[in-house]
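Below is a briefing on one protein chain. The points are grouped by topic.

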Amino acid sequence: MATKGLVLYLLSGFSIAVLSVVFFNHQNGYDPDRQTLLSSHNSALSSLSTEKLVWPELKFSWRLVMATLIGFLGSACGTVGGVGGGGIFVPMLTLIVGFDTKSAAAISKCMIMGASASSVWYNLRVPHPTKEVPIIDYDLALLFQPVLMLGITVGVALSVIFPYWLITVLIIILFLGTSSRSFFKGIEMWKDETILKKEMAKQQETMVNSRGELLISTDYEPLAPVEEKSSMQIICLNLKWKRVLVLILVWISFLLLQVIKNDVKVCSAWYWVLFCLQFPVALGVFGYEAVKLYKEHKKRMSTGNIEYICEASIAWTAPHIAFCALCGILGGTVGGLLGSGGGFILGPLLLEIGVIPQVASATATFVMTFSSSLSVVEFYLLKRFPMHYALYLTGVSVLAGFWGQCFVRKLITLLGRASIIVFILSGVIFASALTMGVIGIDTSIRMISNHEFMGFLNFCSSQ
């Protein structure tokens, strides 16, 4: 019921926001079929196309210290929650360091990639908390990674068309919805963990044997000691090379299409051919994994096997698979609009479909490593960021991602509460909503006061 309410909230909010753009178009007398546009539209396009790259010098200053601290904390919390932290990095890089918006988005991707990669390396050395299976759910990774990368491509295209104020409104609607839902999810898990801890405490204090005799403080020793796995054995269990190879092939396919597309004239026939080729690549891998999950679920239901196929505790029916596809594309689209890794949707979604927090965090950061690294390679080829600054902040994020995971895992073991991950996830998303929202509202107010164009822009002329 809560999931349906969240979906209804997002759909209604997005619909109202997009319809309001159409209202602005009519109010300003904009007709997309006419060749002559308003002067305000031309000024908006010229400011977008002629935005100068601002690359501050890398030197010791209070700005660098603040960027290091915020980057470290944002990367540590972002990777633990499985959201990356792009909503925190972009405002930090523009307001504190002084980068332009495009360069800030590119460096943000570098930081997300570094933090995600180090987090994946740490998670590969961590066993699953309850089962003898990998802590990364490769079925869910194969299901979401292709549509997430497809969504990022769509989001980048929409960022050219959508007016700035609309992107701000969509971000606020989405982030407030997902952060509040994650927060209430964390409260539910906290209550369940409290009940479980009380029951376990009672069982340890008193136990009753088969004859009804009360046993007090009874300790049980296992007949055979449980052999602890070495780090290498855990890594081998967590790595599924065939699945990883498929993900790498999808990554390479998207990279080649993006690189070739960047050398083709925008809006030409070949441009749209290359753009459309991404759909069969993504939907082909998604469809293969979706059919596999659907058939396996149907087979188990027919034999009375109620065990879940993967970490998600949902029935893999056609509506649920379609919902996952929609959320994956939506998450990627938000990543393309923001310059983030798409984890703001993927992290809460994995929790919503029943994945435990440790696996949700590990799987989300694993998927984000692919999506963010794809953008980093593309931005590098386009020379969108200064290498020295990117290497420094990426190094900070690598350390933060590793130590953040280490600290939170130890805290979970000490307190016995995995819901900590969910609260961190909710906090990062809410902080991103505040920072991105405040900056977006301030910029939108200045655009309105300058009587700039507030409707949809033309994709071809805006490049």
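**Briefing**

Ile-424 touches Cys-77, Val-80, Gly-81 and Val-408, leaving aside residues up to four places away in sequence; touching, or contact, means heavy atoms within 4.5 Å. Ile-424 lies in helix H15, and its C-alpha atom is separated by 7.3 Å from that of Val-80, 344 residues apart along the chain. Residues are numbered from 1 along each chain as its sequence is written, and the model is predicted, so local features need pLDDT of at least 70 and side-chain atom pairs count only at pLDDT 80 or more, while totals for chains, interfaces and linings use all residues. Side-chain values use heavy atoms, with hydrogens and water left out.

**Whole chain**

- The protein chain has 15 helices and two strands; these are DSSP runs numbered from the N terminus, with helices (H or I) of at least four residues and strands (E) of at least two.
- Of the 463 residues in the protein chain, 49% are buried; buried means under 20% relative accessible area, exposed over 50%, and partly exposed in between, with a 1.4 Å probe and protein chains only.
- Among contacts in the protein chain with a separation of 6 or more, 82% come from residues 24 or more positions apart.
- The protein chain exposes about 23200 Å², of which carbon and sulfur atoms supply 68%; accessible areas come from the Shrake-Rupley method with a 1.4 Å probe, and for residues only the protein chains shown count as cover.

**Nonpolar cores**

- The largest nonpolar core has 79 residues, and those with the most contacts inside it are Leu-143, Phe-144, Phe-175, Trp-316, Leu-350 and Phe-366.
- Helix H6 (residues 138–161) gives the most to this core, with 10 residues.
- A second, separate core of 21 residues includes Phe-89, Val-97, Phe-99 and Ile-112.
- A nonpolar core is a set of buried Ala, Val, Leu, Ile, Met, Phe, Trp, Tyr and Cys residues joined through side-chain atoms within 4.5 Å.

**Leu-247 in H9**

- Leu-247 is found in helix H9 (residues 241–262) and counts as buried because its relative accessibility is 1%.
- The residues that Leu-247 touches, not counting those up to four places away in sequence, are Ala-141, Leu-142, Gln-145, Phe-366 and Phe-370.
- Leu-247 and Gln-145 are 102 residues apart along the chain, and their C-alpha atoms are separated by 7.6 Å.

**Helix H3**

- Helix H3 (residues 62–81) has 20 residues and reaches 28 Å from its first C-alpha to its last, close to the 28 Å expected at 1.5 Å a residue; the expected span is 1.5 Å times one less than the number of residues.
- The buried residues of H3 include Leu-64, Ala-67, Gly-71, Gly-74 and Val-80.
- Cover for the buried residues of H3 includes helix H4 (86–97), helix H5 (101–124), H13, H14 and helix H15 (419–449).
- Ile-70, found in helix H3, is partly exposed, with a relative accessible area of 24%.
- Ile-70 touches Ile-88, Phe-89, Met-92 and Ile-96, not counting residues up to four places away in sequence.
- Ile-70 and Met-92 are 22 residues apart in sequence and 7.6 Å apart in space, C-alpha to C-alpha.

- Gly-82 follows H3 and has a positive phi, near 80°.
- Cys-267 is a residue other than glycine with a positive phi, near 70°, and is found in the loop between H9 and helix H10 (269–303).

**Second largest pocket**

- About 840 Å³ of space lies in the second largest pocket.
- Of the 32 residues that line the second largest pocket, the closest to its centre are Pro-129, Thr-130, Gln-358, Ile-412 and Ala-418.
- Helix H7 (164–205), helix H13 (357–381) and H14 each supply at least two residues of the lining of the second largest pocket, and H7 gives the most, with eight residues.
- On a 1 Å grid over the protein atoms alone, a pocket is an open set of points where a 1.4 Å probe fits, with protein on both sides within 12 Å along at least five of seven lines; lining residues have an atom within 4 Å of a point.
- Grid points are joined across faces, edges and corners, and a volume is the space filled by probe spheres set on the points.
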